[in-house]
Amino acid sequence: MKHCITALTAILAGLAAASAQLPPCQDPAAPIEQRVEDALQRMTTAEKVAILHAQSKFCSPGVKRLGIPELWTTDGPHGVRPEVLWDEWRQAGWTNDSCVAFPALTCLAATWNPDMAALYGQSIGEEALYRGKDVLLGPGVNIYRTPLNGRNFEYMGEDPLLASRMVVPYIKGVQANGVATCVKHFALNNHERNRHTTNVSVDDRALYEIYLPAFKAAVNEGGTWSIMAAYNLHGDQHLCHNKRFLVDILKNEWGFDGAVLSDWGGTHNTDEAITNGLDLEFGSWTNGLSNGASNAYANYYLADPYLNRLADGRADTATLNEKARRVLRLIFRTAARPGKGPGNMCSEAHYAAARRIAGEGIVLLRNRGGVLPLDLSRQPRILVVGENALRMMTVGGGSSSLKVQREVSPLDGLRAATAGRATVTYARGYAGDAGGEFDGVTTGQDLTETRTPAELIDEAVGMARQADYVIFVGGLNKSAGQDCEDADRASLGLPYGQDAVIEALAAVNPNLIVVNISGNAVAMPWNDRVGAILQAWYIGSEAGNAIADVLTGRVNPSGKLPMTFPAALADVPCHADGRDYLGTRRADADIWDVSYDEGVLVGYRWFDTKKIKPLYAFGHGLSYTTFEYGKLTADRDHITAADSITLTVPVTNTGSLAGAETVQLYISDVKASVLRPAKELKAFEKVYLEPGQTKNVSFTLGRDALAYFDADRHEWVAEPGRFKAHAAASSADIRSTCPFTLD
Ligand code: GLC
């Protein structure tokens, strides 16, 4: 024993000595800020400029001479993108980089469960770590302003509080692995058409109350180590070098200490990039080596042009050091971080996490006569109809596209879940487009169809007559013009003639269940004529198993909509009164000016205030059990701006199945000096209840929950007067209201 202690002491002494010899920038035991400053002192100007821009499609250099590693980024928010060659978008064709596809972030938001966000972040962070990646290019938290936006499936819905509460645990989960999140796309990137040329104007109230909060939470509560600036413009300045957003708001007001990355190709001007807060430039000019000079990376805006300005005194060293400091901090937090684990990939734990998050995020919109869960006690005949029952959804959609180790289709999941207890048959019902490939990743599915739509419908209807249940699995897909980056949908309706198929099936079988797979709201003209509707999102590798879990009742659905499903596109504020959400193109430049005239009235805020009935409301979601809310009470009926109020509502599971209910708390300012939404979500909690169980759900609110943003004073103002708190099962289903006064 004595010898061991002696040996151990010698080893530790040796390590300490060795460590003492290492310069701090190389010493893993040294505090990060010391490593940053030491590296900065040792670096040349050229080395400082070099770390401010990419050297390949997804990585930027470190400082080889000082042993500072390069920084590797990877998409995306739902899983780790397959490896690409040095300067290519297409996959490199490795055979060991297939991943788990986790549910899209609309599904995560629909769980209304921050614990699921933490599980999600931890899991995807482990996959990124295993793949040797330092920065995960996600999550996205752009607010859902139009149901046509091609990338809504990557984001967390229409409400800033829900997005804020869900993004924070995701960030912490990822970064616990020593992998940075890169929260995107900062900011006002709320649709995809003209995404490089859209110049957004919005009043400060809407900016601070709607579009900034989730990013602010990501920075100030989540502590994200990096932010990705958006493609679009504000005030005629690209967000990738926008002084107002990157310097005044992000770094000065919020105190962001991380690095700002450009979106790929989002940088357009060296002087602005230098002075307006961009730290790390990716993707400019090159789309592989074909578009850009052979030394394309030296031509980046923050490369030689910056070096030249420094050399002839047109740029100052202090700004250079500030940028380099932030990039070095990102490197020392990730690539050069000591003690990172090995991570892991495609583990059963990750599949279980994907399935659990999906199961908690699927939303039961309608369940006429309790047609769900399926009754499997009498060997039912189940007909599954629709291309989305077998179409792979993890390939395509843009930069979030993945190469998965497996993806269970809804058809396969249902067959597995009902094996021996039902007969499951299939009819195509409709044919979408071929799809099937993205950046070299192929689905291997041949979706070509030779039959006519009428023949497909006839076949499905014929089979539906003999079935006990018909499960139509349709919706959108990841093709351009649907749920896909760099394009938007042209309308709210389902494509490929699906409405006709659904109507025809409803006419012959009352037990028709529609499973809608989409990242966006869709029109449902057949809503009143079908038995049940599940909103199933894009839920990744375990999709079929999670959908089957809910259909069979193995999982009692508890998801709630993170966005409003409108009855018509014209009911949506940015499409109302003939407005064009794209804005107007300038006569003399390829710039689209759009003004967010609806202000703070986004989503349910508009529907409530304008008294427009949605098809399905924000926060709506049914369960296989029922919940009763008691009376909402407050611990006081008067509060001053300094203290807080605690509101409590008892919730009882009055059904026969265990289930979870997300209790939502909305606040109304009865009389305000400014236009305020009829009510606003200010708290929520998901509670799990056994049959007959009651829980008292409490919310404690401070003045900040009562305040609006006063643009003139540039501060949050809570006006004295009467307020109402509403305990609700959705924004359209208030169960109990409690008045109180702010003195
Ligand atoms: C894309 C996307 C961004 C993505 C990046 C790298 O254009 O806008 O979300 O992370 O480029 O693929």
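Me: How many charged residues does the shell around the ligand have?
Reply: This is a predicted model: local features need pLDDT of at least 70, side-chain atom pairs count only at pLDDT 80 or more, and totals for chains, interfaces and linings use all residues. Residues are numbered from 1 along each chain as its sequence is written, and side-chain values use heavy atoms, without hydrogens and water. Asp, Glu, Lys and Arg count as charged; Ala, Val, Leu, Ile, Met, Phe, Trp, Tyr, Cys and Pro as nonpolar; the others, Gly among them, as polar. The shell has 6 nonpolar and 2 polar residues, and its charged residues number 7.

Me: An oxygen atom of the ligand is how many Å from an N or O atom in the side chain of D263?
Reply: A polar contact is a pair of N or O atoms within 3.5 Å. For R151, the side-chain distance to a ligand oxygen is 2.9 Å. For E485 it is 3.1 Å. For D263 it is 2.7 Å.

Me: How much of the ligand's accessible area does the protein cover?
Reply: Accessible areas come from the Shrake-Rupley method with a 1.4 Å probe. On its own, the ligand has 310 Å². The protein covers 97%.

Me: What radius of gyration does the protein chain have?
Reply: This radius is taken over C-alpha atoms, and the globule rule is 2.2 Å times the number of residues to the power 0.38. With 743 residues, a compact globule would therefore come near 27 Å. The protein chain agrees, at 27 Å.

How values were computed. A polar contact is a pair of N or O atoms within 3.5 Å; within protein, one must be able to donate a hydrogen and the other to accept it, and residues adjacent in sequence count only if both atoms are side-chain atoms.
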